[in-house]
Amino acid sequence: MSAHGDVDLGHTVAGWVGTAVAFVGLGVLALAVVVVSLSLAVLGAGIGVFAGLVTWLLHLAGWGKPTGPRPAGEWSWRVRDLAARRGHPDCLGCRMAGRRVSAATAPASPAPATRPAPAAVAP
């Protein structure tokens, strides 16, 4: 068990790549502040916008995750979300891409596996 407990933290390829690109953009912006350069500031801001675009495109390609927790078997960042092509219910990124899926029209997810109740022992 990790320090965060047994939860889905949403580590995905889209999340990691977007964060890395945004970190580079913030570094360029910090450098722009130190050397007082408007052109570097614009470049850093552009890299930040590019980070958002890359993250969104990777999400649409299935390398992100739908809103909410995923089943434990899908927590690895290497797991691709095959439902992304249809769109995620109530996902802003999917709606912006024209993949309009509401929670009412979304296919039902399989019921979680449950353990059978323990058998009663007769006295």
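Guide: Residues are numbered from 1 along each chain as its sequence is written. In this predicted model, local features need pLDDT of at least 70, side-chain atom pairs count only at pLDDT 80 or more, and totals for chains, interfaces and linings use all residues, while side-chain values use heavy atoms, with hydrogens and water left out.

Visitor: In what order do the elements of the protein chain run from the N terminus on?

Guide: Helices (H or I, at least four residues) and strands (E, at least two) are DSSP runs, numbered from the N terminus. The protein chain holds three helices and zero strands. From the N terminus on, the order of the elements is α-α-α.

Visitor: What percentage of the 123 residues in the protein chain is buried?

Guide: A residue is buried under 20% relative accessible area, exposed over 50% and partly exposed in between, with a 1.4 Å probe and protein chains only. For the 123 residues of the protein chain, the buried share is 23%.

Visitor: How far does helix H1 reach from its first C-alpha to its last?

Guide: Helix H1 covers residues 13-35, which gives 23 residues. The expected span of a helix is 1.5 Å times one less than its number of residues, and for H1 the expected value is 33 Å. The reach in the model is close to that expectation, at 33 Å.

Visitor: How are H1 and H2 oriented, roughly parallel or roughly antiparallel?

Guide: Two packed helices are described by the angle between their axes and the distance between the axes. Axes are lines fitted to C-alpha atoms, for helices over the stretch in contact, and angles run from 0 to 180 degrees between N-to-C directions; under 35 degrees counts as roughly parallel, over 145 as roughly antiparallel, 65 to 115 as roughly perpendicular and the rest as oblique. The axes of H1 and H2 come within 8 Å and cross at roughly 175°. The arrangement of H1 relative to H2 is therefore roughly antiparallel.

Visitor: How many nonpolar residues does the contact of H1 with H2 have?

Guide: Ala, Val, Leu, Ile, Met, Phe, Trp, Tyr, Cys and Pro count as nonpolar, Asp, Glu, Lys and Arg as charged, and the others, Gly among them, as polar. The contact of H1 with H2 has no charged residues and five polar ones, and its nonpolar residues number 21.

Visitor: Which elements are included in what covers the buried residues of H2?

Guide: Contact here means heavy atoms within 4.5 Å. The buried residues in H2 are Gly44, Ala51, Val54, His59, Leu60 and Gly62. For H1, where Val13, Ala14, Gly18, Val21, Gly25, Val28 and Ala32 are buried, the cover includes H2. For H2, the cover includes H1 and helix H3 (92-96).

Visitor: Which residues does Val17 touch, not counting residues up to four places away in sequence?

Guide: Val17 lies in helix H1 and is partly exposed, with a relative accessible area of 31%. Its C-alpha is 7.8 Å from that of Val54, 37 residues apart along the chain. With residues up to four places away in sequence set aside, Val17 touches Val54 and Leu58.

Visitor: Which residues is His59 in contact with, leaving aside its neighbours within four places in sequence?

Guide: His59 is found in helix H2 (residues 38-63). Its relative accessible area is 12%, so His59 is buried. Beyond neighbours within four places in sequence, the contacts of His59 are Ala14, Gly64, Lys65, Ala84, His88, Cys91 and Cys94.

Visitor: What phi does Val36 take?

Guide: Val36 is found in the loop between H1 and H2 and counts as exposed, at 73% relative accessibility. Although Val36 is not a glycine, its phi is positive, at about 50°.

Visitor: What distance separates the C-alpha atoms of Arg70 and Asp8?

Guide: Arg70 has its place in the loop between H2 and H3. At 9% relative accessibility, Arg70 counts as buried. Arg70 and Asp8 are 62 residues apart along the chain, and their C-alpha atoms are separated by 6.5 Å.
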